[in-house]
Amino acid sequence: MSSGLERTRPVETTEDDLEALLGDRALARDDHLNAPGFVIRPDDVQDVLSDLRDEAGFDHLSCLTAQQYEDRYESIYHMKKYADPTQEVSIVVPTTTDDPVSESAAPVFRTADWHEREAFDLVGIDYEGHPDPRRILLPETWQGHPLSLDYDQEKPQLVTLSEHANPIQPDHHDAESDTMFLNIGPHHPATHGVLHVKTVLDGETVVDVDPDVGYLHRCEEQMCQQGTYRHQIMPYPDRWDYVSAGLLNEWAYARAAEDLADIEVPEYAQIIRTMGAELCRIASHMLALGTFCLDVYGDFTAVFQYAFRDREVVQDILEDLTGQRLMFNYFRLGGVAWDLPEPREEFIAKTRDFLDELPAKVDEYNDMVTSNEIFQVRCIDTGVLEPEVAKDYGCTGPVARGSGVDYDIRRDDPYGYYSELDWDVITDDGCDNYSRVLCRMREVEESAKIIEQCLDLLEDWPEDEREIQANVPRTLKPDADTEVYRAVEGAKGELGIYIRSDGTDKPGRFKIRSPCYHNLSALGEMTQGEYIPDLIASLGSLDIVLGEVDR
Amino acid sequence: MSSDNPRQSIYDSTAPSTDTRDSRIGEGPDDRFNSKLREAFGSTPFILTKFDKFMNWVRGNSMFMLQFGIACCSIEMIHTYAIKHDLDRFGAGVPRASPRQADVMIVPGTIVSKFGPRMKRVYDQMPEPKFVVGMGSCTISGGPFQEGYNVVKGAEEIIPIDIHVPGCPPRPEALVYGVAKLQERIRNGESSPVVVKPYELEQFGDLEKDELVQKLASEIDEDDLVMRYNWADSP
């Protein structure tokens, strides 16, 4: 049935190939549920990772999980291929407890820069040769590493409010020029939340950009590690990407946990999930469009209000379905909480009405936004992100697809009901702000197509086969030391979750791979040498959500 | 009324056209502005009230909100400002980007350690009199993140809050209700409760020289403003 969903995949790298490639650098095997795992020495990291990338085509460093065991620290590099994300390999790097030093992968993958800073910040592993070994989420003056085993949460902490010194002045590179240091945020309307961008300007040109995140670091990983699999974790994903992308995030957890506990989800529930998730994607992209126009046009009026008008409609539908406007908490492991609301016909008709009106609305947006000459002047050829750079920074979602990287987990690593439906992955080769916006708008249309097909299926589904939940035990205790890393296509890109079980009903380690975090790390590359209004436009076109950046 | 219908003054008489004005003024006292306020005054244009009362009434009816997005609740806050809910109908819908132009701050989200000092600074920059609406569970107690190592257990640890709107997140209707309640309080001249605020911005040099301060002495300047979180004493 699917038409545009077949893609040519590269030749599979088998485990034998990997073993041959790594040779005796692989000390042992440590397989995860999703991928073969190889244990290597801490000083072989760059070597192994660059071999995997150049020889075997693993060009996507999807995630880095750091964790502490009783007897060791461990960094796990989850590698994938952009051309085929079902081919995965995990590189496990153990270090001793007394001296947790591991070689940095930042020279090989630029995305490792922020990964390793986070791992240092939260777990406390030092990465040798890291270009910028600072804390990233917690304040510079923080004491201890909160996700390490011996952290005492009761200890007092100091946080400074000091003016940030001009980072260019001390090393006197620019003694002659008159650059200016500018703090944008953390409280600024253009930062979409509480982001702080340290900017160095030469006149109106951006010389250096350093995004300073962590103003919304709400300890999501700790919260999830304290919750039980069955019910206590599911409310938290709603709050990572809180721009109505709740169901997409819940699916990330559901997918990882269902793989971990080996739960089969009924087909009917998968269709409801797919429909709900795509409704969320529409709501999320509408907000992205509205706020982007707010950034570029600088007013709180027409386009912004139009986008919110349409979001209200989607939120109404989602409220009918889930009972909540924003924090849905609708998925359960093994299915969804309840069936479509009664009367069913009314809900289906309401959703269809929305879908029927959508093309006219999209035309309206095209009239007002994308075909507007002023808008085009602002967006075309600004914030350019080349595909190779995007891959290097681990960009995913509309940001990568706007740079021509044909990568969508819904198609490439199928889950839910996507592989049975007829829809297309949108890519655009423009690499600029304009193509990212265009990508999102066209994705809205694709989502509408998916919802339409789901509604058809739901409408005709025989009444006695509407199974919304699999039979899942009340308490889930996956086998100890089972590890899984699973990703779904969130509204912003690849949202991955790593879970290690420790034999109890709570995860031993819960790591979130946030798409926004990595998309944001590319901001400096996109904006250097551009004008400051283009910096604001680029930031808007990345469509970050600070709840997901900081977690 | 378009240009193919010339105005009366052009084709009719050249005398000054006063009839519309006359009809608007009508008989008796001038009520061109037709406001409810004017009606309330009756036939006399004078009112007698306490100045304070008048000021409170004015303040309650013209609130300038600070455009301040923190976390999830800010999405619902934007929806409250945007069409359908339109907070502007209640005389409270002009979001100001600068704290120096605002007199009401809605705190829409979780306050974490790194943001605490910044929020305090933004609050301090607002001119008096200023009011705060705490939106959502996080500003009450830390909400679902209360046990987090980095989360301030409620915005009231740092700034005084006049109205708490519970919910995670509160619906726009709930926020509108909260704002309406705040207007009511302001009109009645009720002041915000005085609360114990354990977390203040202090100069680093003024802190008690305990273990933590000594450890950080080499990193932080004496004059730098710092906020000290005593997590063990937090609720």
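## Salt bridges and a helix crossing

Student: Does R309(A) count as buried, partly exposed or exposed, and what is the relative accessibility behind that label?
Tutor: The model is predicted, so this is a computed value. Buried requires under 20% and exposed requires over 50%. R309(A) falls between these limits, so the label is partly exposed, at a relative accessibility of 26%.

Student: Which side chain does R309(A) meet in a salt bridge?
Tutor: The cut-off is 4 Å from nitrogen to carboxyl oxygen. R309(A) has a partner at 3.2 Å, N to O, and that partner is E364(A).

Student: How many residues apart are E364(A) and R309(A)?
Tutor: E364(A) sits in helix α8 (residues 344–370) of chain A, while R309(A) sits in helix α7 (residues 302–322) of chain A. The pair therefore links distant parts of the chain, and E364(A) itself is partly exposed at 28% relative accessibility. The separation is 55 residues.

Student: Which residue forms a salt bridge with E312(A)?
Tutor: The closest N and O atoms of this pair are 3.7 Å apart. E312(A) lies in helix α7 of chain A, and the partner lies in the loop between α5 and β2 (94–96) of chain B, so the bridge joins two chains. The partner is K84(B).

Student: Is E312(A) buried or exposed?
Tutor: The limit for buried is under 20%. E312(A) has 4% relative accessibility, so the label is buried.

Student: Which residues do salt bridges with shared partners join into one network?
Tutor: Across all chains, the structure has 61 salt bridges. Some share partners and form one network. The members are E278(A), R281(A), R401(A), D408(A), R410(A), E443(A) and E489(A).

Student: What is the relative accessibility of D54(A)?
Tutor: D54(A) pairs with R53(A) in a salt bridge, with the closest N and O atoms 3.2 Å apart. R53(A) is partly exposed at 27%. D54(A) counts as exposed, because its relative accessibility is 53%.

Student: At roughly what angle do the axes of α5 and α8 of chain B cross?
Tutor: Helix α5 spans residues 72–81 and helix α8 spans residues 172–187, both in chain B. Their axes come within 9 Å. The angle is roughly 75°.

Student: Which residues of α5(B) and α8(B) make the contact?
Tutor: By class, the contact has four nonpolar, two polar and one charged residues. Helix α8(B) brings P172(B), L175(B) and V176(B). Helix α5(B) brings E76(B), M77(B), H79(B) and T80(B).

Terms used
Residues numbered from 1 in each chain as written. Chains lettered and ligands numbered in written order. Predicted model: local features only at pLDDT ≥ 70, side-chain atom pairs only at ≥ 80, totals over all residues. Heavy atoms only, no water. Axes fitted to C-alpha atoms, helices over the stretch in contact; angles between N-to-C directions. Helix = DSSP H or I, 4+ residues; strand = E, 2+ residues; numbered from the N terminus. Contact = heavy atoms within 4.5 Å. Nonpolar A, V, L, I, M, F, W, Y, C, P; charged D, E, K, R; others polar. Buried < 20%, exposed > 50% of the residue type's maximum accessible area, 1.4 Å probe, protein only.
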